[in-house]
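Let's take a friendly walk through a protein chain, one part at a time. Have a look at the picture below before reading on.

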Amino acid sequence: MPFRDRKHAGRQLALRLAEWADSGDLINLLVLALPRGGVPVAAEVARELHAPLDVLTARKISTPVRPEAAIGAIVGEDPPLFDRRSLALLDMTEDRLGADVARERNELHRREYLYRGSRPAPSVRGRAVVLIDDGLATGLTATAALRFLRRQEPGRLVLAVPVGSPQAVAELRREADDVVCLEQPPAFQAVSEWYEDFRQISDAEVVDTLHAFHATA
């Protein structure tokens with residue numbers, strides 16, 4: 001059943017996670033959203049769980065030939081994570097994508113500063129971290145984000161999404177301690193198909209959401 005919008009999906013996801021949080025398994029909880037689409041989803045979860053909210057900015061890497069298809073992802077200063085199969089199918093090499101990686105890294109830094117300003121990124125060491133996006137297609141960006149977070153030694157690392165492809169969910173179970181996905185349609189094609197309203201989220205909406213949380217922190 002499609003979600004009305006990202007907020008509706010977030011409330012449904014929050015109901016699932018609230019049962020888990022009440023059991024005491026999520027200690028010193030931090031909710032992290034993958035912007036921009038993951039922010040409205042994560043905000044509903046953070047409100048329900050009375051947890052702090054922040055963002056983990058990641059960027060997809062695509063090619064001029066197929067700009068809509070992600071073949072890689074970057075988080076922070078980590079080396080890019082590439083889909084080797086896609087590179088081979090497109091007859092591409094990492095070296096030929098150097099300029100694309102640099103461009104996306106600059107955009108990542110721009111957004112990080114826009115979203116957080118001078119406020120430092122929250123520490124995840126020893127905490128239960130729930131990473132949230134609005135859905136999983138290939139899972140490439142989520143994989144890069146989870147590996148980035150894992151190196152910071154969280155106490156528990158959870159990936160939570162409203163909808164995702166069964167293949168991506170299965171693969172990401174190797175990267176996270178737990179994966180929560182409300183819907184895994186066998187005929188999954190695109191995340192957008194599972195939302196009645198899947199409009200693009202603006203930078204301003206991300207900033208306003210984060211400011212609202214940190215103003216009351």
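## Two domains

The centres of domain 1 and domain 2, taken over C-alpha atoms, are separated by 22 Å. This is a predicted model, in which local features need pLDDT of at least 70 and side-chain atom pairs count only at pLDDT 80 or more, while totals for chains, interfaces and linings use all residues. Residues are numbered from 1 along each chain as its sequence is written, and side-chain values use heavy atoms, with hydrogens and water left out.

Domain 1 covers 6-56 + 124-215, and domain 2 covers 60-114; such bounds come from an automatic or database domain assignment. Twelve residues from domain 1 and 13 residues from domain 2 take part in the contact, where contact means heavy atoms within 4.5 Å. The size of an interface is often given as the accessible area lost when the parts come together. Here the two domains bury about 1,000 Å² between them, with 64% of it on carbon and sulfur atoms; this buried area is what two parts lose on being put together, found with a 1.4 Å probe and summed over both.

## The five-stranded sheet

Now find the open sheet of five strands, which has the order β2-β1-β6-β7-β8 and parallel pairing. Helices (H or I, at least four residues) and strands (E, at least two) are DSSP runs, numbered from the N terminus, and two strands pair if DSSP finds at least two bridges between them. At the edges are β2 (53-55) and β8 (178-183), each pairing on one side only. From one strand to the next, the twist averages 25°.

How many bridges join β6 to β7? There are five, and these strands, residues 128-132 and 156-163, run parallel. V130 has V158 in β7 as its bridge partner. Helix α2 (residues 38-49) lies across β1 (29-33), β2, β6 and β7, and runs at about 165° to β1. Angles like this run from 0 to 180 degrees between N-to-C directions, with axes fitted to C-alpha atoms, for helices over the stretch in contact.

## The nonpolar cores

The largest nonpolar core has 39 residues, and L13, L17, L29, V31, V45, L53 and I132 have the most contacts inside it. A nonpolar core is a set of buried Ala, Val, Leu, Ile, Met, Phe, Trp, Tyr and Cys residues joined through side-chain atoms within 4.5 Å. Buried means under 20% relative accessible area, exposed over 50%, and partly exposed in between (1.4 Å probe, protein chains only). Helix α2 gives the most to this core, with seven residues.

A second, separate core has 27 residues, including L34, L140, L172 and C181. Back in the largest core, L17 touches L26, V45, L49, V130, A160 and V180, not counting residues up to four places away in sequence.

Another open sheet has three strands in the order β3-β4-β5, with antiparallel pairing. Four bridges join β3 to β4 (residues 72-75), and R59 stands opposite I74 in β4. Helix α4 (residues 98-116) packs on the sheet, touching β3, β4 and β5. Helix α5 also lies across β3, β4 and β5, running at about 30° to β4.

Is α5 mostly covered or uncovered? Helix α5 (residues 140-150) is mostly covered, with eight of its eleven residues buried. Q152, in the loop between α5 and β7, counts as partly exposed because its relative accessibility is 28%. Leaving aside neighbours within four places in sequence, Q152 is in contact with V124 and R125.
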